[in-house]
Amino acid sequence: MKVLVPVKRVVDYNVKVRVKADQTGVETANVKMSMNPFDEIAVEEAMRLKEAGIATEVIAVSCGVAACGETLRTALAIGADRAILVETDADLQPLAVAKLLAAVCKKEGPGLVILGKQAIDDDANQTGQMLAALMGWPQATFASKVTIADGKAQVTREVDGGLETIKINLPAIVTTDLRLNEPRYVTLPNIMKAKKKPMENHKPADLGVDVAPRLKTLKVTEPPKRSAGIKVPDIKTLVDKLKNEAKVI
Ligand code: AMP
């Protein structure tokens with residue numbers, strides 16, 4: 001069974017995000033970029049399925065600018081067998097990414113697609129669900145445990161009230177939650193090996209997909225600044241202030 005893992009290049013989670021002066025988006029020039037953390041978890045899960053003899057091949061896919069190739073090299077260094085870059089300078093929204101991934105699924109015929117539950121840049125939490133709808137495949141989102149057996153996936157999902165366990169037929173779409181696994185560190189020998197692994201390059205037009213945006217961003221703004229805190233001399237004053245001054249927002 002092939003496992004497809006879509007990985008997104010995003011602003012590194014350690015970087016303090018700054019909004020561009022013209023409010024059209026966030027600053028990405030000269031900013032450290034990395035693989036979306038939920039996608040690292042997805043690649044790790046795919047590797048575990050390969051090590052368990054369930055997956056035969058792990059294919060990483062990224063859609064976006066040429067530099068997404070670096071993100072794919074990271075996936076290859078974690079252990080993916082090969083990579084597919086769908087290269088475009090266009091601003092890709094989740095529906096466009098889902099259509100590109102659907103085109104890749106039709107070409108590759110994976111038994112399982114594991115995505116992150118959300119990309120930490122736009123927090124959309126849409127691509128996996130849209131891909132499932134476009135393919136007509138079952139989906140199990142927010143996975144914290146995945147077991148594959150007899151052509152089915154048993155997935156434990158993190159839901160508001162606790163944990164929900166469902167069984168779905170393959171091929172299927174799974175999206176990862178934080179507690180699914182702890183991704184391995186990438187070793188130097190594996191980074192070297194990754195340079196020789198195959199990476200295909202396609203353009204959206206080769207896949208017959210129109211990636212024109214459907215939504216228009218009106219403006220992006222910083223969250224309101226917090227006002228400075230104060231120090232209180234003792235607990236009595238603290239309790240008094242909590243009782244008489246603190247407000248529930
Ligand atoms: P989102 O719906 O944007 O929050 O993203 C959810 C997941 O979809 C991510 O964790 C990735 O696995 C996948 N994804 C989103 N955008 C891309 C992209 N440009 N290239 C590859 N995978 C993506």
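**Ligand shell and nonpolar cores**

In this predicted model, an oxygen atom of the ligand lies 2.7 Å from a polar backbone atom of alanine 119, where a polar contact is a pair of N or O atoms within 3.5 Å. An oxygen atom of the ligand is likewise placed 3.0 Å from a polar backbone atom of glycine 116, and a backbone N or O atom of alanine 124 is found 3.4 Å from a ligand oxygen atom. The protein buries 98% of the 480 Å² that the ligand exposes when taken alone (Shrake-Rupley areas, 1.4 Å probe). Residues are numbered from 1 along each chain as its sequence is written. Local features need pLDDT of at least 70 and side-chain atom pairs count only at pLDDT 80 or more, whereas totals for chains, interfaces and linings use all residues, and side-chain values use heavy atoms, with hydrogens and water left out.

The ligand is surrounded by 17 residues (a heavy atom within 4 Å), the closest being Asp39, Ala119, Asn125, Gln126 and Thr127. At least two residues of this shell come from each of β4 (57-64) and β6 (112-116) (DSSP runs of E, at least two residues), and β4 contributes the largest share, three residues.

The largest nonpolar core comprises 35 residues (buried Ala, Val, Leu, Ile, Met, Phe, Trp, Tyr and Cys joined through side-chain atoms within 4.5 Å, buried meaning under 20% relative accessible area with a 1.4 Å probe, protein chains only), and Val5, Val43, Leu112, Ile114 and Val174 have the most contacts inside it. Apart from this core lies another, of 26 residues, including Val61, Val86, Ala98 and Val209.

Definitions and conventions. Polar contact = N/O pair within 3.5 Å; in protein donor to acceptor, adjacent residues only side chain to side chain. Helix = DSSP H or I, 4+ residues; strand = E, 2+ residues; numbered from the N terminus. Buried < 20%, exposed > 50% of the residue type's maximum accessible area, 1.4 Å probe, protein only.
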